[in-house]
Amino acid sequence: MNARETLKINSLGHLSIGGADATELAKQFGTPLYVMDEQYIRDMCAAYAAAIRTDYDGNGLVLYASKAFSCMAIYKIVQQEGVGVDVVSGGELYTALRAGFPAEKICLHGNNKQPGELALAVENGVGLIAVDSYSELDALDALCAKQGKKQDILLRVNPGVEAHTHRFIQTAKTDSKFGFSVADGTAEKITAYALTKRNVRLQGYHCHIGSQIFEKQSFALAAQKMLAFMAQMRAKLGFTAAALNLGGGYGIWYTDEDAKLAVPDYTEYLRTVIAAVKEHADALSYPRPYLYIEPGRSIVGEAGVTLYTVGAIKDIPGVKKYVAVDGGMFDNPRYALYQAKYTALLANRAAEPASERVTVAGKCCESGDIICADVDLPPVKEGDILAVLSTGAYNYSMASNYNRNAVPPVVLVKDGQAEYIVKPQSYEDIVRNDVIPARLQ
Ligand code: LLP
């Protein structure tokens, strides 16, 4: 499954997304506009859930990593597909709860959770908290004691597998703000300490080795290392973990280069994880743990397309051609942050062959404000609708009001019909929290 299934070229030669003509969406809702295909998101959730059912006897739960795309509607959609969620801040947790998401299917993450975030989680009865520091463990235990609750927790562990898009390495030295290292013994120490706490229940462990990873074997290696560590804890501390959360990170399609590296069906990443968990648990005579996985990008990434209107075009002879659009790093900061690559096309002339190489720039007052560098398009004209594909993950969720630009609205498309799931911001919204102190009046 991938985005090329949700995107089509219709009889008018226009790009269509989830059955809706992109040029019509641009007319109806204006640009810049985030468009999300509901069916794609549902299908991905259902496919992961089915893999856990068939390959792991249903002994696990998919947690959608909502940092990839968070708004109230997405929590409804994933809930309806029987999926839980991972949240990583009070804001994401609040959004999920406001959407009516069942607290027991929420896992709270974060390397520096604030007292208010822990309180919100415990008061509302979130299913799991992935603890990532001694002070958090102490604070959580005290909070639960005060509230007369016993909270299920995982410990975030660093298994010593560092994965980056195209490769992975095994490391003994772990330089990360996340997790307790297996290699240096801190994961063991926190386990022993957590077992002394009376108001939390240690269910097991969590690890997440990176994001946009294509190499299936890196996930299998993480599973192997986690199970080896769990067996050690059983031998040394007499602790048998009931649950294992192996995080997310499954690599998706942004460009044709990625297509060569990504598995054709993203459930294959999960099937690899499951096979490794089964193999190593069985080899160690360890009871197969309840398994959580946390895909974010692969659930929503390819469901999303951003539509822009082309404005100023600047051809610098012998250098490059800049095509400026009405969005920019305020709706998609991923080029500025990671030199991320995207596929772009003209939604209003989607069938025309590409004939020139351009750089798509935004409207922010900053030279690094690029949406995608070096993309091939048909001859671009002012007024064309430019579509950037695979923008469903880490675009809206990382948007800002830089230069006091409004964050674009998000529409959800289903069977050709679109409606807002995030309304447009007005200038009034932008100044809503501004205050002019009396002495400045
Ligand atoms: N679980 C944990 C604990 C995570 O930290 C993450 C992502 C995920 C799950 C989901 O990973 P995914 O399946 O989406 O790869 N802003 C970056 C991505 C940061 C990912 C952070 N953690 C980007 O735009 O590429």
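**View 1. Helices H8 and H10 meet side by side in this predicted model.** From H8, the residues Lys216, Gln217, Phe219, Ala220, Ala223, Gln224 and Leu227 touch Glu268, Tyr269, Thr272, Val273, Ala276, Val277, His280 and Ala281 of H10. Sorted by class, this contact of H8 with H10 holds nine nonpolar, four polar and two charged residues. To find your way around, look for H8 at residues 216-237 and H10 at residues 267-283.

**View 2. Here is the geometry of the H8 and H10 pair.** The two axes lie 8 Å apart, and the helices pack at an angle of about 30°. Angles under 35 degrees count as roughly parallel, so H8 and H10 are roughly parallel to each other. Their crossing is right-handed.

**View 3. Helix H10 also meets helix H2.** H2 covers residues 38-55, and its axis comes within 10 Å of that of H10, crossing at roughly 30°. H2 is therefore roughly parallel to H10. The crossing of H2 and H10 is right-handed. On the H2 side you will find Ala47, Tyr48, Ala51, Ile52, Thr54 and Asp55, which meet Thr267, Leu270, Arg271, Ile274 and Lys278 in H10. This contact of H2 with H10 comprises six nonpolar, two polar and three charged residues.

**View 4. Three strands make an open, antiparallel sheet.** Their order is E1-E2-E3. E1 (7-9) and E3 (20-21) are the edge strands, each with a single partner strand, so one side of each has no neighbour in the sheet. E2, at residues 15-17, is joined to E3 by two bridges, and these strands run antiparallel.

Note on methods
Residues numbered from 1 in each chain as written. Predicted model: local features only at pLDDT ≥ 70, side-chain atom pairs only at ≥ 80, totals over all residues. Heavy atoms only, no water. Pairing = 2+ DSSP bridges. Helix = DSSP H or I, 4+ residues; strand = E, 2+ residues; numbered from the N terminus. Axes fitted to C-alpha atoms, helices over the stretch in contact; angles between N-to-C directions. Parallel < 35°, antiparallel > 145°, perpendicular 65-115°, else oblique. Left-handed = near helix turned anticlockwise from the far one by under 90°. Contact = heavy atoms within 4.5 Å. Nonpolar A, V, L, I, M, F, W, Y, C, P; charged D, E, K, R; others polar.
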